[in-house]
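User: Could you take a close look at one part of this model for me, the salt bridges, and tell me how they sit within the whole chain?

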Amino acid sequence: MEFNEFFVKGMALLGAGIAMIAGIGPGMGQGFAAGKGAEAVGRNPEASGKIQSIMVLGIALAETTGIYALIIAILLVFVKG
């Protein structure tokens with residue numbers, strides 16, 4: 001079955017939109033991590049350096065999911081079908 005160029009482009013744009021839904025997860029995860037980090041610093045202010053470094057590492061790892069989704073979405077938008 002042969003698809004025309006408009007169908008391929010439409011499906012690519014739909015896929016790009018679905019890929020960007022993945023941006024919701026990292027945003028929620030980063031907010032959750034920042035909130036729990038603030039709670040931990042409030043309970044134990046002496047350990048704020050360790051808590052902050054672990055929190056930043058976790059946020060960086062969560063952010064990679066959103067970046068990968070953005071790259072996939074950009075590739076899908078500019079696909080030449």
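Analyst: Happy to! A word on terms to begin with: helices here are DSSP runs of at least four residues, numbered from the N terminus. Please keep in mind that this is a predicted model.

With that numbering, Glu39 and Arg43 both belong to helix α2, four residues apart, or about one turn of the helix. The two form a salt bridge, with their closest N and O atoms 3.9 Å apart. That falls inside the cut-off, since a salt bridge asks for a Lys or Arg side-chain nitrogen within 4 Å of a carboxyl oxygen of Asp or Glu. Glu39 also meets the side chain of Lys36 in a salt bridge, at 3.7 Å from N to O. Here the spacing is three residues in helix α2, so Glu39 and Lys36 are separated by about one helical turn. In general, side chains of opposite charge can pair when their charged atoms come close.

The structure holds two salt bridges. Glu39 forms its salt bridge with Arg43, and shared partners join Lys36, Glu39 and Arg43 into one network. How exposed are these residues? Glu39 is partly exposed at 41% relative accessibility, and Lys36 is partly exposed too, with a relative accessible area of 40%. Arg43, at 64% relative accessibility, counts as exposed.

Helix α2 has another side to its story. Spanning 24-43, α2 supplies at least two residues of a nonpolar surface patch, and so does α1 (5-20). The patch covers about 840 Å² and is made by Phe3, Phe7, Met11, Leu14, Ile18, Ile21, Ile24 and Met28. Its largest share, four residues, comes from α1. Leu14 is found in that helix, α1, and is partly exposed, with a relative accessible area of 49%.

Now for the setting as a whole. The protein chain has three helices and zero strands, following the pattern α-α-α along the sequence. Its radius of gyration is 19 Å, well over the 12 Å that the globule rule gives for 81 residues, so the chain is more spread out than a compact globule. The C-alpha atoms fill a box of roughly 65 × 15 × 15 Å along the principal axes. Of the 81 residues, 14% count as buried. The accessible surface comes to about 6000 Å², with 73% of it belonging to carbon and sulfur atoms. Among contacts with a separation of 6 or more, 76% are between residues 24 or more positions apart.

Methods:
Residues are numbered from 1 along each chain as its sequence is written. This is a predicted model: local features need pLDDT of at least 70, side-chain atom pairs count only at pLDDT 80 or more; totals for chains, interfaces and linings use all residues. Side-chain values use heavy atoms; hydrogens and water are left out. Patches are made of residues with over 30% relative accessible area and no salt bridge: like charges are joined within 9 Å, nonpolar side chains (Val, Leu, Ile, Met, Phe, Trp, Tyr) within 5 Å. Accessible areas come from the Shrake-Rupley method with a 1.4 Å probe; for residues, only the protein chains shown count as cover. Buried means under 20% relative accessible area, exposed over 50%, partly exposed in between (1.4 Å probe, protein chains only). The radius of gyration is taken over C-alpha atoms; the globule rule is 2.2 Å times the number of residues to the power 0.38. Contact means heavy atoms within 4.5 Å.
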